[in-house]
Amino acid sequence: MDLGLRGKHAIVTGGSLGIGKAIARELAREGADVAIVARTKDRLEAAAKELSGETGRRIIPLAADVTSREQVEAMVAQAATQLGGVHILVNSGSAPGGSTTATGPIETVVDEDLLQDFNVKYVGALRCARAVIPYMKEQRWGRIINISGTNARNAGNLSGGARNTSLVHLSKTLALQVGKYGITVNCVHPGITRTERTPRLLAARAKELGIAPEEVERRDYAEDSPRGNAIGRMVDATEVAYVTVFLASDKAWAVSGELIVATGGAGRAVYY
Ligand SMILES: NC(=O)c1ccc[n+]([C@@H]2O[C@H](COP(=O)([O-])OP(=O)(O)OC[C@H]3O[C@@H](n4cnc5c(N)ncnc54)[C@H](OP(=O)(O)O)[C@@H]3O)[C@@H](O)[C@H]2O)c1
C-alpha cells in the first residue's frame, strides 16, 4: 500500500529521542521531510544527522520548548518556510510518566509540578496544533497525531494518567473543529515501549530484585503477569511509529477523533 507520504512535510515534537525519533525515522522512510523539535540542541542535531543519513530525506532540527507559545509559533513558522509547508504534526514532546512529585498520594502532590506536566503534554500539544492548523487549512489537508499513553486508562497516577486522558479529549474536540478543512486528529496510546531508556530502567529493576535484566523482562511478559500483554513481549518504539505513520497518511481519512492503542494487547478490559 502506498501511504501517499512522499513529498509531505512533517513536524515531530520529541523527535530527538524515543518514540518521537522512531516516528520521524519512519515518516522519512516513507518519503516525508521532517522537522524534529526538542529543547536539547546537541542531541537534536545529532538525531537529525543520523536520520537524514539513514533515510536520505531532509531532517531539520528546530530547538523549541513546547511550554512557550512564542517558541512554538516561531518553530512552526520556520518549519513551514524551510520545508515548504506543514502537512503533518506529531506531538511526542514530553518525558514519560509525569513528575514523581505529582503522582500522588494527594497529600504530597506538588501543584506546580502537576501544572507543569499538563503545560508540557496537554497545552504543549494544543499550542503546536494551534500553530500548524492555519497552514493545514490553507492546503485543505492535514494530520495531527497526539502521542498519549495507556496510564490514561489506569487510575492511580494523578499527573501522568490525567494528562494522557486530557489528550484524548483534545484529539476528539479538535477533530470536530477542523475536519471540514481536510484535517484529521487522532491519539495514540503506547504502553510500556522499548526506547533508549529501557536498558537503564530494566537494569535498575534487576538490581532491586536481585535478578538479571533479561529475567525482569521475561517475568513482566509471562502469561500471568499484570505488566504483560497479549503478544508476550515489549512493544518497540518503531512499532508505535508504524501505527502513527498510518494515521499520518493519505490512506487514513476514515479515522478521526479516535484513539488507537499500541500496547501489543495490554490489559483485560473490553472496550466497545
Ligand atoms: N516510552 C514509553 O514507555 C511510553 C509509554 C506510554 C506513553 N509514552 C509517551 O510518549 C511520549 C514520548 O515518550 P518517550 O518515551 O519517547 O520519551 P523520551 O524518550 O524521554 O523523549 C522525549 C522527547 O521529548 C522532548 N521534550 C521533552 N520535554 C519537551 C518540551 N518541553 N519541549 C519540547 N520537547 C520536549 C525530549 O527532548 P528534550 O528533553 O531535549 O526537550 C525528547 O526528544 C510521552 O508523552 C510519553 O508519556 C511513552
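User: How does E50 count at 34% relative accessibility?

Analyst: E50 counts as partly exposed at that value, where buried means under 20% relative accessible area, exposed means over 50% and partly exposed lies in between, with a 1.4 Å probe and protein chains only. Please keep in mind that this is a predicted model, in which local features need pLDDT of at least 70 and side-chain atom pairs count only at pLDDT 80 or more, while totals for chains, interfaces and linings use all residues. Residues are numbered from 1 along each chain as its sequence is written, and side-chain values use heavy atoms, with hydrogens and water left out.

User: Which residue forms a salt bridge with E50?

Analyst: The partner is R25, with the closest N and O atoms 3.2 Å apart; a salt bridge here is a side-chain nitrogen of Lys or Arg within 4 Å of a carboxyl oxygen of Asp or Glu. The pair links distant parts of the chain, as E50 is in helix α2 (residues 41-55) and R25 is in helix α1 (residues 18-29), 25 residues apart. Helices are DSSP runs of H or I with at least four residues and strands are runs of E with at least two, numbered from the N terminus. R25 counts as buried, at 16% relative accessibility.

User: How many salt bridges does the structure hold?

Analyst: The structure holds 14. Another of them joins the side chains of R205 and D220 at 2.8 Å, N to O. R205 lies in helix α6 (residues 198-209) and D220 in helix α7 (residues 213-220), so this pair ties together parts that are 15 residues apart in sequence. D220 is buried at 9% relative accessible area, whereas R205 counts as partly exposed at 25%.

User: And where do R218 and E215 lie?

Analyst: Both lie in helix α7, three residues apart, which is about one turn of the helix, and their side chains meet in a salt bridge of 3.1 Å, N to O. Salt bridges that share partners also join K21, R25, E26, R29, E50 and E54 into one network.

User: Where does α4 bend?

Analyst: α4 bends by about 40° at V123, the bend being the angle between axes fitted to the seven residues ending there and the seven starting there. R140, with a positive phi near 55°, follows α4.

User: What about aromatic pairs, how many are there?

Analyst: Rings of Phe, Tyr and Trp (its six-membered ring) pair if their centres lie within 6.5 Å, with planes under 30 degrees apart counted as stacked, over 60 as edge-to-face and the rest as tilted, and by this rule the count comes to one. W141 and W253 form that edge-to-face pair, at 6.4 Å centre to centre and 85° between the planes.

User: Which charged end sits over the ring of W141?

Analyst: That of K8 does, 4.6 Å from the ring centre, under a rule that asks for NZ of Lys or CZ of Arg within 6 Å of the ring centre and within 35 degrees of the ring normal. R143 also lies over the face of W141, at 4.3 Å from the ring centre.
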